[in-house]
Amino acid sequence: TADELTEHYSWAEVLVLVSEFEGFHLKVLEYMRLGVVPICTNVGALAEVIRDGENGFLVSKENCVRECANHLEALTLNRKRLRKMSLASAQNRSDWQEAVKALDSALSEKLSSLKVGN
């Protein structure tokens, strides 16, 4: 359930997600809504959500292990920066809610016009 996902994800401060080939991980948005700072390889459409150095980090596929470790160390040593990035990460939630508002409205209107059982 949504509540179980929230409980499961809420313990984390940072999400490390490395991949060579991805379109877009919804998991990133799920974590970010809770203020978790993502560190992800720069693949697919993640750059549309992660503003490198502001609400998360994008790392290269070639050097992802070293870059992830560097970012983790930096955030461990600078908890104030982690908190600032966490707040920016959580702000993404309202950005995405605003971005999909028109789509949600159109889908809701269409669904309400459908007859049950047809």
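This report goes through the salt bridges and cysteines of a predicted model.

Some ground rules: local features need pLDDT of at least 70, side-chain atom pairs count only at pLDDT 80 or more, and totals for chains, interfaces and linings use all residues. Residues are numbered from 1 along each chain as its sequence is written, and side-chain values use heavy atoms, with hydrogens and water left out.

**Salt bridges**

Take a salt bridge as a side-chain nitrogen of Lys or Arg within 4 Å of a carboxyl oxygen of Asp or Glu, and you get two of them here. In one, Glu-13 pairs up with Arg-79. Glu-13 sits in the loop between helix H1 (2-9) and strand E1 (14-17), while Arg-79 belongs to helix H4 (residues 79-99), so this pair ties together parts 66 residues apart in sequence. (Helices, H or I with at least four residues, and strands, E with at least two, are DSSP runs numbered from the N terminus.) The other joins Glu-54 and Arg-51.

| Salt bridge | N to O distance |
|---|---|
| Glu-13 with Arg-79 | 2.6 Å |
| Glu-54 with Arg-51 | 3.1 Å |

How exposed are the partners? Buried means under 20% relative accessible area, exposed over 50%, and partly exposed in between (1.4 Å probe, protein chains only). Glu-13 is partly exposed at 41%, and so is Arg-79 at 44%. Glu-54 is partly exposed at 42%, as is Arg-51 at 31%.

**Cysteines**

With a disulfide being a pair of cysteine sulfur atoms within 2.5 Å, the count is zero. For Cys-40, the nearest cysteine sulfur is that of Cys-68, 8.2 Å away. Cys-40 is buried, at 0% relative accessibility. Cys-68 has its closest cysteine sulfur in Cys-64, and at 5.7 Å that is too far for a bond. Cys-68 is buried too, at 6%.
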